[in-house]
Each structure stands twice: as structure tokens, then as C-alpha cells.
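Below is a protein chain shown as sequence and coordinates. Please keep both in view while reading the explanation that comes after them.

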Amino acid sequence: MSFSAETKNELCRLEGEDASRDKAECYGIFLFAKSFMPENICMTTENGLAAHRAAELAARTAGVVTEITSVLTRRRSANTYTLSVQGEDQRRRFLAFFGHTGRELNLRINRENLGDPPSLAPFLRGVFLSCGTVTDPQKDYHLEMIVPYMKLARDLITLLEEAGELSVQPSLVNRKGSFVVYVKGSEQIADFLTYIGAKNSSMELMQVKMLKQMRNDINRKTNFETANLGKTADAAARQIAAIEAIDKKVGLHSLPEDLRELASLRRENPEMSLRELGAGLSEPISRSGVNHRLQRILEFAQALGVPGQEG
């Protein structure tokens, strides 16, 4: 089951609230559904729980009986549910219940259906159940609601921006004749999901984000350490090659005493770090001191004509 479907299932398990909030949720579902007019009031969804919740809200709030039909979609191998209000009388009564005549030039949000004070959370929950999706946070942070009319989409954006408890910055794009109101960013989406009642999904999204951040931090640290180990190994190999060349050409006894001891220690312990080399000398020195002496050994080898010892 997709993350979006799990989120809608969580919302559908929420218990009914007072009449005003139930009306706001029902209005959000049907206003943003496939069709909301005297000729046809219907909602199409792949979520069976959402279809049944919409039917229950329509009956409980407006006293309207709806019909649910389902069709198996071969391309998606999933059922598509269509919830419709049967009969023109019922449809007109349903529209009138929400203050619509069906003769409006533009379908807009009637704010009287949001209650006083406005019940934005249940209304937005209904909108999301009707036309919203949220991407699996393992892949991306993206939530969108596909709206059939531009002015209705702009009304939705205004509501989202006016919701004081929300900190979202919605955007609008035209996609294949529909208007998509979308929100990006993990924190904004988590905030929206919590606001409409999907607290478990919100928590899961933030947990996924934290795990992704931890993995990224570990990968960065591992890559950094691997790179450093590679550099250390390359430097040690170059130092040992120089020491071997000096021993072969003129003998290690030709080195100054302080370099001679370090050269022997390095040749016998290629895995040692500079700090460990410094601690292993008869008179311990700092890491920078070891680095300075090794550089002198490389320069000594270079003076003997040993190739590849520059720097």
C-alpha cells in the first residue's frame, strides 16, 4: 500500500466530530470532487475507505443517499470507486444544503460551510481525501491536490495561507487542464498532515527524514575517512619507497640520526599514523614534527635521484 493510501486510511479512521465540523469535511470532499453540479455530483477515488466515509458524511450531514460503484482498473490493478448522488432532486437539495444553486459562473468556496469560527482542518481533510496525494517520503517530499477549476484552486491557496496554525507555502501549476496546488518540503508537509489529523503519517515522514539524514551523514563521514585513509596509505607507500631507495643506494646510516630512527620505524610499521610514529620514537615528538622529518627524508631521496619523491 502506498504512503498516500495509508495516510488517507488513517484519516478515514478518525471518528466523526460535531455537526459543523462534519459538514465542513463533507463540503471539502464533494466541492473538490470530480463533479459538483445539478447534472452530476460524484467523487472518484482508488481509496474505498474514503468513498465510504464520504457516503456516511453525506447521509449524516445532508440526509442524502449516495451510490458507490467500483471498477477494476487493469492498468493499475486496483479498484476505482465512484460515489454519486442519485436523482436530480437529491442533487439540488445537496447543493442547496451547502449554499450553491448550480447556476454559478465559477465554482468557489462558500465560507459559510466552514462554520464560525471556521473549521479549516476538517475542510482541508475533506479536500485531501477527495483530490490529494502525498509522495512516499523515501522518494521525495511532495503533496498535491488536483483541482478542476482555477478560481477554486486559488481559493484553496488563500485558505492554506490564512490558516494561522499552518506554516505552508502552497504553489499552483497548470497540468493537463487541471490546476495543481502543491506543497514541497518535509516540514511543511508534516505540518499539513498533522493539522488535518494524519498524525501517524506525519510522524512516519519525519522519521524517514531523520533516517535519511543519518545515512547521508554516515556516508559523508565514511567517504571522508576513506579518502583520508587512501591519502595516508599513498603517503606511507611513498615514504617507504624513499627509505628503501636510500638504504639501497647509500644505506640508512647516511641519514642524520633523528631521520634514521624515524626511517626504520616507518619501514617496520607502514600502518602507523603520524601521531603513532611520533609516540614510538625514543624521544617522542608531535605529529607535525614527524611530518617535517618525513618530508626531509623524501627530499634526501630526491637529492639521490630517486624518482617520484617530490612534495
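This is a predicted model: local features need pLDDT of at least 70, side-chain atom pairs count only at pLDDT 80 or more; totals for chains, interfaces and linings use all residues.

The buried residues of α1 are Phe 3, Ser 4, Thr 7, Lys 8, Asn 9, Glu 10, Leu 11 and Cys 12.

Helix α11, residues 287-303, shows another arrangement. Its 17 residues should span 24 Å at 1.5 Å a residue, and the end C-alpha atoms are 25 Å apart, which agrees. The buried residues in α11 are Val 290, Arg 293, Leu 294, Ile 297, Leu 298 and Ala 301. Around the axis they cover an arc of only 145°, so they sit on the same side of α11. Ser 288, His 292 and Ala 303 are on the other side of α11, where they are exposed. After α11 comes Gly 305, which has a positive phi, near 90°.

Next come the charged pairs. Side chains of opposite charge can pair when their charged atoms come close. The structure holds 12 salt bridges. One of them is formed by Arg 108 and Asp 155, with 2.8 Å between the closest N and O atoms. Arg 108 lies in the loop between α4 (88-97) and α5 (120-131), while Asp 155 lies in helix α6 (residues 150-162), so the pair ties together parts that are 47 residues apart in sequence. How exposed are the two partners? Arg 108 is partly exposed, with a relative accessible area of 37%, and Asp 155 is buried, at 12%.

A salt bridge also links Glu 144 to Arg 175, and here the closest N and O atoms are 2.9 Å apart. Both partners lie in strands: Glu 144 is in β6 (residues 142-147) and Arg 175 in β7 (residues 171-175), so this pair ties together parts that are 31 residues apart in sequence. Glu 144 is buried, with a relative accessible area of 9%. Arg 175 is partly exposed, with a relative accessible area of 37%.

In a further pair, the side chains of Lys 209 and Glu 187 meet in a salt bridge at 3.7 Å, N to O. Lys 209 is in helix α8 and Glu 187 in helix α7 (residues 186-196), and this pair links distant parts of the chain, 22 residues apart. Lys 209 is buried, with a relative accessible area of 16%, whereas Glu 187 counts as exposed at 55%. Elsewhere, salt bridges that share partners join Glu 25, Arg 53 and Arg 125 into one network.

The last stop is on the surface. Which residues form a nonpolar patch there? The patch is formed by Leu 211, Met 214 and Ile 218, which together have about 300 Å² of accessible area. Of these, Ile 218 has its place in helix α8, which covers residues 199-249.

Terms used: Residues are numbered from 1 along each chain as its sequence is written. Side-chain values use heavy atoms; hydrogens and water are left out. Patches are made of residues with over 30% relative accessible area and no salt bridge: like charges are joined within 9 Å, nonpolar side chains (Val, Leu, Ile, Met, Phe, Trp, Tyr) within 5 Å. Accessible areas come from the Shrake-Rupley method with a 1.4 Å probe; for residues, only the protein chains shown count as cover. A salt bridge is a side-chain nitrogen of Lys or Arg within 4 Å of a carboxyl oxygen of Asp or Glu. Helices (H or I, at least four residues) and strands (E, at least two) are DSSP runs, numbered from the N terminus. The expected span of a helix is 1.5 Å times one less than its number of residues. Buried means under 20% relative accessible area, exposed over 50%, partly exposed in between (1.4 Å probe, protein chains only). The arc is that of the directions from the helix axis to the C-beta atoms.
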